[in-house]
Number of protein chains: 2
Amino acid sequence: MDAAFAEAETAAMRGEVPIGAVVVRDGIIIGSGGNRTRELNDPTAHAEVLAIREACSREMSERLPGADLYVTLEPCPMCAAAISFARIRRLYFGAADEKGGAVVSGARLYNLPTCHHAPEVYSGFGEVRSAEMLKAFFKEKR
Amino acid sequence: MDAAFAEAETAAMRGEVPIGAVVVRDGIIIGSGGNRTRELNDPTAHAEVLAIREACSREMSERLPGADLYVTLEPCPMCAAAISFARIRRLYFGAADEKGGAVVSGARLYNLPTCHHAPEVYSGFGEVRSAEMLKAFFKEKR
């Protein structure tokens, strides 16, 4: 989770929304990312998507069974679905996101009967730190 | 929609699930894509995501206001959210996808009160052709 926070911090320094993610297998980080939607002009360049794409590229597979994903904020519907498609084993996230989340908030995608693969979900890791980072970022923007 | 079907057909020829998408602005295609999840080892390489990434890259913007997206199948939650993030104006899709869709099926993301931007949705364009292509593809795979 510390590595995910480090990614979030560098994202903030780049002027991006401070969210970071890492994909871990057997204790080794195989993918990491912080938001880069502005830098890359890519609305899909969320931290989780970038971390998953890196891990998949490294493992030359579109699926990552047995790998876990750590992210500082509850994933949005796009990222929650990408996590499912990648067959991530466990999802650990920091703060819940009532407005944009889709795991324990909003669409709760993993609870739908049509969800093919749902990771085990663990939350509340560094949630205060995660929420404070986002608050500080958006306060500065306004 | 014909261009989206052409993308779906070439996706099938590559051994990918036959779904195609194009992004159009003022009658000009500014992004197009067919599924490439296997080829690219990327679970996020759905037709809609690739078409949006190309259009955003071309316009050097993470948002595409005034642009429309045509896709042969109802978007999944990942793609439906990406379409919302990209501020796509109108979404035209072929067949509905009861199992995997998230627009008129499943999570119905655009109907959630937390959805920031919902495109206008039009469906049923070539739905028989779209569904037949998918059926033929999965029949051959089995």
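This passage looks at an annotated domain and active-site residue in chain A, then at a tyrosine in chain B. The model is predicted, so local features need pLDDT of at least 70 and side-chain atom pairs count only at pLDDT 80 or more, while totals for chains, interfaces and linings use all residues. Residues are numbered from 1 along each chain as its sequence is written, chains are lettered from A and ligands numbered from 1 in the order in which they are written, and side-chain values use heavy atoms, with hydrogens and water left out.

In chain A, an unreviewed UniProt entry puts "domain: CMP/dCMP-type deaminase" at residues 1–104. UniProt positions follow the numbering used here, with feature names shortened, and annotations may be inferred rather than shown by experiment. That stretch is 33% helix and 24% strand, and its end C-alpha atoms sit 19 Å apart. Helices (H or I, at least four residues) and strands (E, at least two) are DSSP runs, numbered from the N terminus.

The unreviewed entry also lists A:Glu48 as "active site". A:Glu48 belongs to helix α2, residues 47–59, and counts as buried because its relative accessible area is 4% (buried means under 20%, exposed over 50%, partly exposed in between; 1.4 Å probe, protein chains only). Leaving aside residues up to four places away in sequence, its contacts include A:Cys76, A:Cys79, A:Pro75 and A:Ala21 (contact means heavy atoms within 4.5 Å).

Over in chain B, B:Tyr92 lies in strand β4, residues 90–95, and is buried too, at 14% relative accessible area. Beyond four places in sequence, B:Tyr92 touches B:Met1, B:Asp68, B:Leu69, B:Tyr70, B:Val71, B:Tyr122 and B:Phe125. Its C-alpha atom is 15 Å from that of B:Glu7, 85 residues apart along the chain.
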